Structures are given as C-alpha cells and as structure tokens.
Amino acid sequence: MAFVTFQILDGLEAGRTYADLETPVTIGREEDCDIRLNDDRVSRLHARIQEDSGRIILTDVDSTNGTRINGHPIKIRVLQPGDQIVIGRCTLLYGSEEELDESAGRATVQRDDDDDSTDKRVNPLVTSPTVPPPELPSDLTTLQAAQLSDLLNYLQVHVLYTLDHGEELEATGSKSQQKMILAPAAWRCLQKVQLQLSRYLQAIGSPDR
C-alpha cells in the first residue's frame with residue numbers, strides 16, 4: 001500500500017489536485033473511479049495505479065485511445081515524480097509538491113558533446129525561483145474576467161506545448177534534429193507555472209466567483 005498524488009495540468013479538470021490517494025487507484029470516466037476524468041476520449045476504466053515492491057506502476061487497462069507518458073505511448077510503466085501522463089485530452093502530473101521538488105534536486109542533465117561521443121551528466125546549475133504566485137484581482141466585471149481568461153489560456157497553451165515536447169526533442173538522438181535541454185530546476189519551474197495557470201483558469205470560470 002502506498003499514497004500517490006496527481007495534479008491535473010490540462011483538460012476540463014485542469015487545476016485540480018488528487019492528493020494522497022491510497023493505492024490501488026483507478027483512472028477513468030466512470031463515477032466510481034478514484035480519478036474521474038470527464039472526457040469522452042477517456043475510457044470508462046482507462047488506467048490503474050498500483051504499488052509493487054515500493055514502486056508505483058501505471059497500467060493502461062486496454063483503453064480505446066491509449067495512454068502516453070512524457071510523450072510516449074505505454075502499456076505499463078513505473079512512475080517517477082514529474083512524469084506527465086496524457087489520458088484523452090487530460091494531462092496529469094505525478095507527484096506531490098515535495099516529491100517534485102526533491103526529484104528536481106536529484107536530477108541530472110544529459111548533454112551532447114560534439115568532441116566526445118560519451119554522454120556527460122552534470123548537476124543542474126539553475127535554481128528555481130521562490131517568488132510566490134500573485135493573487136487574482138477581485139471584483140472583475142464579466143468582460144474583464146473573459147479578457148483575463150483569454151490571456152491566461154494563451155500562456156497555458158504555450159507552456160503546455162513546451163512541457164509536452166521538451167523531452168521528445170531531447171530523446172530523438174539525431175544530430176540533425178534541433179534539441180532543447182532544460183535543467184531539472186527550470187523544468188520544474190515550468191511545471192509550477194503551468195499548474196498555477198490551470199488553477200487561475202479554474203477559479204475564473206467558477207460560477208461562485
């Protein structure tokens with residue numbers, strides 16, 4: 001038995017956090033799923049999370065549209081904090097804030113050296129900023145809320161694109177292919193911005209606001 005946390009970065013449930021769920025955990029469209037995703041591209045029972053020998057494993061349960069982790073289609077995968085899981089139109093980030101920060105601190109960056117065929121792994125040199133996110137303005141008019149929503153949605157789309165494609169470009173291994181390399185702390189910072197934008201958009205769209 002273990003406890004897992006997932007934060008939803010994109011989709012109708014964007015901005016929501018499922019914290020400290022006890023394994024096994026089910027993901028799908030059915031009401032009795034532990035993580036219910038309201039998306040017609042998500043199967044009724046899409047994926048299952050379980051613990052085995054201290055590791056957290058995600059299994060795609062023969063879903064119709066499949067599951068992708070860090071841009072790659074999978075059937076079964078051991079999860080690591082920071083993994084991004086795409087199910088239907090939804091993107092889930094695995095790990096609590098503490099696990100993600102710890103993972104970024106341990107991670108290394110792989111760089112190509114044209115003068116040396118051996119891959120080098122170096123400690124990240126980037127320190128993640130600690131500036132807290134600002135509060136949303138209050139008492140917005142309907143027009144102001146719509147304009148702010150458009151702005152945040154624009155930022156969210158571009159940040160999510162970077163998160164979705166960064167690892168894919170780095171993993172091509174082709175010398176002719178342009179690559180993007182981010183230090184783990186910078187990557188983690190980008191994930192935090194994406195999650196905060198999702199929360200802003202969720203708050204603006206709330207009927208209680």
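1. Two strands are taken as paired if DSSP finds at least two bridges between them, while helices (H or I, at least four residues) and strands (E, at least two) are DSSP runs, numbered from the N terminus. This is a predicted model, in which local features need pLDDT of at least 70 and side-chain atom pairs count only at pLDDT 80 or more, whereas totals for chains, interfaces and linings use all residues. Residues are numbered from 1 along each chain as its sequence is written, and side-chain values use heavy atoms, with hydrogens and water left out.

2. The open sheet is built from six strands with antiparallel pairing, in the order β2-β1-β11-β10-β7-β8. Because β2 (17-22) and β8 (72-74) stand at the edges with a single partner strand each, one side of each is left without a neighbour in the sheet. On average, neighbouring strands are turned by 30° against each other, direction ignored.

3. Within this sheet, β1 (residues 3-10) and β11 (residues 90-94) run antiparallel and are joined by four bridges, and F6 stands opposite Y94 in β11. Helix α3 (residues 184-204) packs on the sheet, where it touches β1, β2, β10 (84-87) and β11, and its direction makes about 70° with that of β1. Contact here means heavy atoms within 4.5 Å; axes are lines fitted to C-alpha atoms, for helices over the stretch in contact, and angles run from 0 to 180 degrees between N-to-C directions.

4. Six salt bridges are found in the whole structure, a salt bridge being a side-chain nitrogen of Lys or Arg within 4 Å of a carboxyl oxygen of Asp or Glu. One of them joins E30 and R44, with the closest N and O atoms 3.7 Å apart. E30 lies in the loop between β3 (25-28) and β4 (35-36) and R44 in the loop between β4 and β5 (47-52), so the pair ties together parts that are 14 residues apart in sequence.

5. Another salt bridge is formed by D40 and R89, whose closest N and O atoms are 2.8 Å apart. This pair links distant parts of the chain, 49 residues apart, with D40 in the loop between β4 and β5 and R89 in the loop between β10 and β11. Through salt bridges that share partners, D39, D40 and R89 are joined into one network.

6. The side chains of R16 and E13 also meet in a salt bridge (3.9 Å, N to O). E13 is buried at a relative accessible area of 17%, whereas R16 is partly exposed at 40% (buried means under 20% relative accessible area, exposed over 50%, partly exposed in between, with a 1.4 Å probe and protein chains only).
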